[in-house]
Amino acid sequence: MQLDLRHVAEQNAKRYRENLSYLRGYEAAADADRPLSPRYVEKAGWVWAVERVRADLQRKEPEKELFFVRLYHLDSPCPGKVGRGSEIMKLSLELNVSPSTLYKWRETILADLLLAAVQAGVLRPF
């Protein structure tokens, strides 16, 4: 079985809002004496990774951060499938950036997200 790390990063970017909601619910019902579940730790790590990449992009390249937020619907509910080619074309027109540039941005954002996930300890490629 081959693990496609890019796919893992993209799936967790798509699940950002779901993971954030899970963390809030878990924390509201948490018992201070009980250790954190592995599922909570994994979701928290991915949320941290997405937020880290987003903050770095906002500081360095705000237009790329806007693309990241809109492509993966980080701030709003997703109306359909996230990250599809039609979504890229729509964002290309909105942001006035060529689709090929947006595809390159997506790949660099996913690479940054993988690196952040490794730093968070939720992804161990070796």
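This is a predicted model: local features need pLDDT of at least 70, side-chain atom pairs count only at pLDDT 80 or more; totals for chains, interfaces and linings use all residues.
Now the overall layout. The protein has six helices and zero strands. Read from the N terminus, the order of elements is α-α-α-α-α-α. Of the 126 residues in the protein, 38% are buried. Among contacts with a separation of 6 or more, 60% are between residues 24 or more positions apart.

Back to α4, which covers residues 62–71. Which residues of α4 are buried? They are K64, E65, F67, F68, V69 and L71. Those buried residues pack against α1, α3, α5 and α6.

The axes of α3 and α4 cross at roughly 145 degrees and come within 6 Å. On the α3 side, the residues that meet α4 are V50, V53, R54, L57, Q58 and K60. On the α4 side, they are P62, K64, E65, F68 and V69. Sorted by class, the contact of α3 with α4 has six nonpolar, one polar and four charged residues.

Two of the residues in that contact, R54 and E65, also form a salt bridge, at 2.8 Å from N to O. R54 sits in α3 (residues 38–60) and E65 in α4, eleven residues apart, and the pair links distant parts of the chain. Is E65 buried or exposed? E65 counts as buried, because its relative accessibility is 9% and the cut-off for buried is under 20%.

K64 is buried, with a relative accessible area of 11%, while E61 is partly exposed at 36%.

That brings us to salt bridges in general. Side chains of opposite charge can pair when their charged atoms come close. How many salt bridges does the structure hold? It holds nine. One of them joins R6 and E107, with the closest N and O atoms 3.0 Å apart. R6 lies in helix α1 (residues 5–14) and E107 in helix α6 (residues 99–120), so this pair ties together parts that are 101 residues apart in sequence. Both ends are partly exposed: R6 has a relative accessible area of 26%, and E107 has a relative accessibility of 33%. There is also a network here, in which R6, E10, R106 and E107 are joined by salt bridges that share partners.

Next, the nonpolar core. The largest one has 33 residues. Which of its residues touch the most other members? They are F67, F68, L102 and L113. The elements that give two or more residues to this core are α1, α2 (16–29), α3, α4, α5 (85–95) and α6. The largest share comes from α6, with eight residues.

F67 deserves a slide of its own. F67 is buried, at 0% relative accessibility. Setting aside its neighbours within four places in sequence, F67 is in contact with I88, L91, L95, L102, W105, R106 and I109. R106 in that list is also a member of the salt-bridge network I mentioned.

W105 brings us to the aromatic pairs. A search of the whole structure finds two of them. In one, F67 and W105 are edge-to-face, 6.0 Å centre to centre, with 65 degrees between the planes. F67 is in helix α4 and W105 in helix α6, so the pair ties together parts that are 38 residues apart in sequence. W105 is buried too, with a relative accessible area of 16%.

The other pair is F68 with Y72. What makes this pair edge-to-face? The planes of the two rings are at 75 degrees, with the centres 5.9 Å apart, and planes over 60 degrees apart count as edge-to-face. F68 is buried at 0% relative accessibility, and Y72 is buried as well, with a relative accessible area of 3%.

To sum up α4: its buried residues pack against α1, α3, α5 and α6, E65 bridges to R54 in α3, and F67 pairs with W105 in α6. That is the end of my part.

Conventions. Residues are numbered from 1 along each chain as its sequence is written. Side-chain values use heavy atoms; hydrogens and water are left out. A salt bridge is a side-chain nitrogen of Lys or Arg within 4 Å of a carboxyl oxygen of Asp or Glu. Helices (H or I, at least four residues) and strands (E, at least two) are DSSP runs, numbered from the N terminus. Buried means under 20% relative accessible area, exposed over 50%, partly exposed in between (1.4 Å probe, protein chains only). Axes are lines fitted to C-alpha atoms, for helices over the stretch in contact, and angles run from 0 to 180 degrees between N-to-C directions. Contact means heavy atoms within 4.5 Å. Ala, Val, Leu, Ile, Met, Phe, Trp, Tyr, Cys and Pro count as nonpolar, Asp, Glu, Lys and Arg as charged, and the others, Gly among them, as polar. A nonpolar core is a set of buried Ala, Val, Leu, Ile, Met, Phe, Trp, Tyr and Cys residues joined through side-chain atoms within 4.5 Å. Rings of Phe, Tyr and Trp (its six-membered ring) pair if their centres lie within 6.5 Å; planes under 30 degrees apart count as stacked, over 60 as edge-to-face and the rest as tilted.
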